[in-house]
Protein chains: 2
Amino acid sequence: MDAVDDANQLRETSKNEVMSFFESSPLLKDAAEIEKSLKEFVDRNTSSSGNLNGKANRVVCITSGGTTVPLEKQGVRYIDNFSSGHRGAASTEYFLKAGYSVVFLYRRGTCQPFCSSLPDDPLLECFSVADDSSIEVDALHAETVKRAITENRAAVAEGILLKLPFTTIFEYLQILRLISVSLRDLGPSAIFFLAAAVSDFYIPWESMAFHKIQSASGPLDMRLVQVPKMLSVLRNEWAPMAFHISFKLETDRDILLANADMALKKYKMHMVIANELSTRKEEVIVVTEQEKVTVRRDNTWAGAEVECPLVELVVDRHSAYIKKFDA
Amino acid sequence: MDAVDDANQLRETSKNEVMSFFESSPLLKDAAEIEKSLKEFVDRNTSSSGNLNGKANRVVCITSGGTTVPLEKQGVRYIDNFSSGHRGAASTEYFLKAGYSVVFLYRRGTCQPFCSSLPDDPLLECFSVADDSSIEVDALHAETVKRAITENRAAVAEGILLKLPFTTIFEYLQILRLISVSLRDLGPSAIFFLAAAVSDFYIPWESMAFHKIQSASGPLDMRLVQVPKMLSVLRNEWAPMAFHISFKLETDRDILLANADMALKKYKMHMVIANELSTRKEEVIVVTEQEKVTVRRDNTWAGAEVECPLVELVVDRHSAYIKKFDA
């Protein structure tokens, strides 16, 4: 068998894995409603009266937070990938500022846009009730709280921010597929900014225990299988014209850069953003075919975030990408 | 070997397991601070000037939410036990109303007392900013929001509610041990109301991968070992005089009642509260040596919670328990 056959066979295997993943997934409950809100969102953002700030029609799908893998069908146990969702939430703000409309696909309960600098439990930590029984915000948080409430409401109301929540890997991948189909008409104007921490391993739904696993009988042996590499399917089939950015998070720097290079080549990403767990709030390395750029947060003031220069760089490279199609 | 030897050996084995669990656990970071706040809490609640509402000195330790089991030391993956923390948070409110002081040992990010009927994200869902830039609460949630802010602040400020957060099974069990030691002087006046969903299986810290597990090489086989049965240690050694209540949650009713009976006998609990996953907000079965009582929520009004009659029953049985010691 020669190399071309090998590649074809690899593609076939991976296609079968993807099909069987979706066929065996529990059905997405609100699929019709999600499709409807996506259609409205795309209509609004492609009409000429829509986004008029010079970057008309540019849309980014930002995924954020970790996916879970259930260990029992009717169960309480699952494997989770830790992610606060801070990167995705902060990036959403900067993309909105840059004139993009955003589909924010986020893990329920994780960090929301405009809220990333607030305490974990703003209701109990930022508010008090005055003597006249009106509600007051503590001076320290007043500006951030007001900004969070107004900007979030405004972006949702104007139709430039669509929020879609997920919990499990099954929900995440099904919604991501719906989004990619909806954004297809936007061609190169769409970005996939895949900051979510997606499970690598899962237990296929049909081989999962129905009831809660009993703890009486010794150690628990589990075999998890690999989640099919959906990056490849998203890139090549679901949204072949879009600008694709994936993320790599590792705790070991050498493994990190090797894996970032690998993802760039194997999945034909346009950009891989490499994070080291311990320094990820200070700097990231942006890896493309042409360059490796270290992006650092502006450390001359405390509130500066690395997502600000990162999104600037992404917007710049995306503009160049769109130009190639216009030419 | 006769039965007594058997029992002794079992106890020895279990003691060794417990010791080795704690010895191999990562150190609790804020241990000194937690001990200090517990000491202040106990001093305040045992002094004669403290709690003067007829149930002076009664304290309940309520555990709430699920514990996590890390799969990597420097890692991002963990196994989680799902629990919203609603039961523990609502019960805290009713115990405070009944005159108890509460140590609330809760999973970070789960439901907080006085907040259980609010939307998931109260900041973005309940508030708006008026034209004069003051912050307003939507009429629908105004009363609940005000109550949440004032009652939570008041309870913490008065020193009758001490909140201690955890994430991992290692943090949970170390803090629970600190609490049990602190409450020992209260004798039978203390309740342990163990509503947290505690992991049954874990990966011992010393056999855990240091870096993130790589996904390149086929399926992932994991062996998890049982967490030592701490209920038994808590009951017999850490807090032998206290009133102990544990919870059982199952998806299958027959397994549920069998397991509840087993927990009552094996761990000498004073009360086991049996929940079936699908009906747990409507009813629970309270199992003691003498009785099995089904407790239902008052379904004549929408806001009624099953925790209201449940805590009433617990307080009644706890009063009888204390009387036995007074006699």
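User: Over the ring of which residue does the charged end of Arg177(A) sit?
Analyst: This is a predicted model. The charged end of Arg177(A) lies 3.9 Å from the centre of the ring in question, and in chain B the charged end of Arg177(B) sits over the ring of Phe22(B), 3.9 Å from its centre. For Arg177(A), the ring is that of Phe22(A).

User: Which residues are linked by ring pairs into a cluster with Phe22(A)?
Analyst: A search over all chains of the whole structure finds 25 aromatic pairs. Ring pairs join Phe22(A) into a cluster, whose other members are Phe21(A), Phe170(A), Tyr202(A) and Trp238(A).

User: Is the pair of Phe21(B) and Phe170(B) stacked or edge-to-face?
Analyst: The ring centres of Phe21(B) and Phe170(B) are 5.6 Å apart, with 25 degrees between their planes. Because Phe21(B) belongs to helix H1 (residues 3-24) of chain B and Phe170(B) to helix H6 (residues 169-182) of chain B, the pair ties together parts that are 149 residues apart in sequence. Both Phe21(B) and Phe170(B) are buried. Planes under 30 degrees apart count as stacked, so the pair of Phe21(B) and Phe170(B) is stacked.

User: How many residues apart are Phe193(B) and Phe247(B), which form an aromatic pair?
Analyst: Phe193(B) and Phe247(B) form an edge-to-face pair, 5.0 Å centre to centre and with 75 degrees between the planes, and both residues are buried. The pair links distant parts of the chain, with Phe193(B) in strand S8 (residues 190-194) of chain B and Phe247(B) in strand S11 (residues 243-250) of chain B, and the separation is 54 residues.

Methods
Residues numbered from 1 in each chain as written. Chains lettered and ligands numbered in written order. Predicted model: local features only at pLDDT ≥ 70, side-chain atom pairs only at ≥ 80, totals over all residues. Heavy atoms only, no water. Phe/Tyr/Trp six-rings, centres within 6.5 Å; stacked < 30°, edge-to-face > 60°. Helix = DSSP H or I, 4+ residues; strand = E, 2+ residues; numbered from the N terminus. Buried < 20%, exposed > 50% of the residue type's maximum accessible area, 1.4 Å probe, protein only. Lys NZ or Arg CZ within 6 Å of the ring centre and 35° of its normal.
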